[in-house]
Amino acid sequence: MKKRTVIRKSFILCVTLVCLLWVGSSQAQDYPRSPVQIVIPFGPGGLTDIFWRSTSEFIASHIKGTIVLVNKPGGGGVVGTSFAVNAKPDGYTLVSANSDPLTISPVFTPNVPYDPEKDVTYIAKLAAMAFGIAVLNDSPFKTLEELVAFAKANPKKLKSGVMGVGSTPHTILGVFNRDAKVDISYIPFDSGGETVTNLLGGHTDLAVVSMPSVKSQILSGKTRMLAVCSPKRLPDFPEFPTMGEKGYKKSSIATGVGLAGPKGLAPAIVSKWEEAIETTLKDPKVIAIIEKLGGVVVDFKSGEGYKKELLADLATFKELLPTLPGKK
Amino acid sequence: MGRIFFYCNLFWLLFSVLTCVEAYRLRLGTINNPGPGFFPFGAGLTMLILSLAALFQSMARKKKVEKAIPQQPFRWWNIVIILAAITAYAFSLEKIGFLINTFLFICLLLKVVEPQTWKTAIIGGLITTIAANLVFNVIFQTQIPRGIFGF
Amino acid sequence: MEVFKDLLFGFGVVLQPMNLLYCFFGVLIGTLVGVLPGVGPAAALSLLLPVTFYVPPVSTIILLAGITYGAMYGGSTTSILLNIPGEAASVVTCLDGYQMARKGRAGPALGISAFGSFIAGTITIFMLIFLAPPLANFALKFGPPEYFALMVLGLSIMVYLASGSIVNALIMVCFGLILGTIGLDQMTGVPRFIYKSTTLMDGIGLIQVVIGLFGVSEVLINVERTFKREIFETKMKGLLPNREDWRRSIGPIGRGTVIGFFLGIIPGMSVMIPTFVSYVVEKKLSKYPEKFGTGMIEGVAGPESANNAASTGTLVPTLSLGIPTGAATALLLGALMIHGLRPGPLLIQEAPDVFWGLVASLYAGNVMLLVLNLPLIGLWVKILKIPYHFLFSLILLLCIVGSYITNNNAYDVIIMVIFGFVGYLMKKFDYEAAPLVLALVLGPMMEKAFRRSLMLSDGGFGIFFTRPISASFLIMALLILLSPLFLKRTRLRENLRAGG
């Protein structure tokens, strides 16, 4: 009796081991076998959140798996990013790789628990979001030059609302102040919405905001942009000049949305995603959805390309840190 | 009983001093340009004053009302167990997974805090776990961890 | 009148069977979401966002509006039944609502909550239609100095919120203010009191604190001794509010509506603040202020109405200016944007069916809420019949899951445990939780407004007094803070004595 049970048990054990081995080795082939968790390091309702919720179904269909979006907000994106890059590199926990937590936070905020160069495997870049300098429609400044002239004559008199601290708009203002040799005071707000509200109420003279936050105000004629921070003029708003045209190319910083994972992610998994994302972003339906958000432009880059771009930005920001207003 | 209040106010006093010290290290700035430590320092200072005032009052006046004699024994161990159980739940959630954790948790509580029979505890645990699964995983599709057993 | 014609048109849209169905689902899902603490309407809305692609814009709005209202009402349900605030705004409902449940009056509490919300919602929707544009413009005048003054006013009413020792309540306020500073300083990025914990980077989670302070501590208090007597009175005294209840509640409902709506218009105003204000107002106006906290129905009717009214109020800047005022409205805007609709002044012209459909759907949502929830009261009340030696474990489970789900972070549960213990101690030593919570919410807002104001004025304090709105708020706050000294000298002395 005993012998039979021993044999039976060892047989089951062997079969189990073989199955496990077989499953383990075919990991890359039939990845993803279970839902992949993509961490969104911002709260629900934010632009990044809406972006992913609008596009993840399409991406999921191309990678033939299920994507589950998880919000882990906090610390300007640091909390969620840290959670994901410190997770197991089995390909089932990824993160929306936004520029700010990866290029600005490590410079601006102390004790960020990851190294954007060593601890992250970059998978792809999906889109870029443009910012701009907005003023009320009845503002005395009709062009950027007028603004600069006034600012030069009246240092510290102009107040600019800025969305977020240790964020791209914060950096944009800092760089602009430096390059235009002016001293525009910065008033930080928590979100694009709040920044725009204060501009509308006349509490600030201008505002550095993301295009989606201010889109409806432009369309209703309440505000206009003195310049936009984008390499080319925006298709939605061709009447606004770019910062580059005005001679402030360094201030033309955009923020990117991408996908990344912890270090040590298998290259096979990375290329699967790259392909799926590239295909998704060619779909006109997806492009239409993304562009409806306003000021968001599809900008596909491979993992390597995105990494290069982000690390270059990181270096720039390291250099810029002392000029950032509010950082003494 | 008045003595308890004395200790409470002492606690707040210490807490506020600690806060002020930490806030000071964060840079107070000037009144015209407050730094990160300004606000916590102000709040800490206010608490300091208040707790000092309350401390003196509790020393000066004697509490006349006697606390009613409790009829039942004070089961402090229940408090400890509950808090420990929740803490254990939190730490093991991501390793063991939602369902097993819930089951163990409910069984433990039912058995220990207000002692039931083993049968009741296990049945209660099962019902709760099944219901919880239905509500959280099926209806809400919340992303509670699945743990190493995959469920 | 133009407006009524448009409104009828809107109703026509809403009353189509498909849309009614969406409304029903929205309210249903919203209520379920609201009952679960820690999951706010924002989370539910964002989960459903992909669904909205395949659904026409009007129906999307209807669905989303239903969820928002449903969630609000659901939050009150757990507050009343289990002393667990479903979301931050429901905290005040715990104070008297739960006590009513303890006395066997859970039904009337839930009922007046539903009716109050309905009445407030109906009235405020009409106010929305007629007053939105001028109100929105008024709301824009609120800059940082005005916010600061308003927050100071909010904290000053704390004097009237405290039922017991005022000194203890003030200590709680300071405690709340200090706790509110934990996290990355929003203005300079400097970490404050974080001690290398990523969980604390964004501050102590309000929901976790509140669930711990109210829900968990209540369980702890109940289990510390063998309960010979039932925690909840088994003889249910009626399922719906009776004549007497209605008589007492009409005033609070009306006042709550007004308070909620006008405070809700201010962009960025937490929905929680109007509920506190309403509670304090009712307490002050009542003949028996000392009974508040033991189950006074006015303490439920007023805040619940204020809650709903404030939610409608937050739609004012969203719809007329296209500015989101919180996560839920941001999602609403996002959903609109994905469909190519631009909220803002143009919305009415470009897509009248959407705008009026939304307005009509708000109303329909309120009706649906009532229709759905009144019968459910009987069901909810049965939950209280579960023997406490089993119920308490369910309550704790709900607390744990609620705390975890907000950020999918196990450490949030630890925060809840800590505050559960703290809340338990507070209950034993006569410290109140409400001032703590209010300070925790107001503190950060107040500090930011203060610092921003000084940045705007380059360090000058005059800014608070040269601007009419902020000056008037500050004067009011001063008056309120000084009034006890002049009007109720003996009461204050009594309270100080009690704190010793």
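**Figure 1. Contact between helix 5 and helix 12 of chain C in the predicted model.** From helix 5 of chain C, the residues C:Val91, C:Val92 and C:Leu95 meet C:Met272, C:Thr275, C:Phe276 and C:Tyr279 of helix 12 of chain C. Sorted by class, this contact holds six nonpolar residues, one polar residue and no charged residues. Two packed helices are described by the angle between their axes and the distance between the axes. Here the axes of helix 5 (residues 91-102) and helix 12 (residues 272-285) of chain C come within 8 Å and cross at roughly 35°.

**Figure 2. The side of chain B that touches chain C.** In this view, 54 residues of chain B are in contact with 45 residues of chain C. Several elements of chain B each supply at least two residues to this side, among them helix 1 (2-25), strand 2 (33-34) and helix 5 (118-139). Helix 2 of chain B provides the largest share, 12 residues. The residues on this side of chain B comprise 32 nonpolar, 17 polar and five charged.

**Figure 3. The domains of chain B.** The domain assignment gives domain 1 (2-60) and domain 2 (76-139) of chain B. Taken over C-alpha atoms, the centres of domain 1 and domain 2 of chain B are separated by 40 Å.

**Figure 4. An open sheet of five strands in chain A.** The strands of chain A lie in the order 7-6-8-5-9, with mixed pairing. Strand 7 (185-189) and strand 9 (223-229) of chain A each have a single partner strand, so one side of each is left without a neighbour in the sheet. On average, neighbouring strands of this sheet are turned by 30° against each other, direction ignored. Strand 6 (residues 159-163) and strand 7 of chain A run parallel and are joined by five bridges. A:Gly161 has A:Ile187, in strand 7 of chain A, as its bridge partner.

How values were computed:
Residues are numbered from 1 along each chain as its sequence is written. Chains are lettered from A and ligands numbered from 1 in the order in which they are written. This is a predicted model: local features need pLDDT of at least 70, side-chain atom pairs count only at pLDDT 80 or more; totals for chains, interfaces and linings use all residues. Two residues are in contact if their C-beta atoms, placed from the backbone, lie within 7 Å. Helices (H or I, at least four residues) and strands (E, at least two) are DSSP runs, numbered from the N terminus. Ala, Val, Leu, Ile, Met, Phe, Trp, Tyr, Cys and Pro count as nonpolar, Asp, Glu, Lys and Arg as charged, and the others, Gly among them, as polar. Domain bounds come from an automatic or database domain assignment. Axes are lines fitted to C-alpha atoms, for helices over the stretch in contact, and angles run from 0 to 180 degrees between N-to-C directions. Two strands pair if DSSP finds at least two bridges between them.
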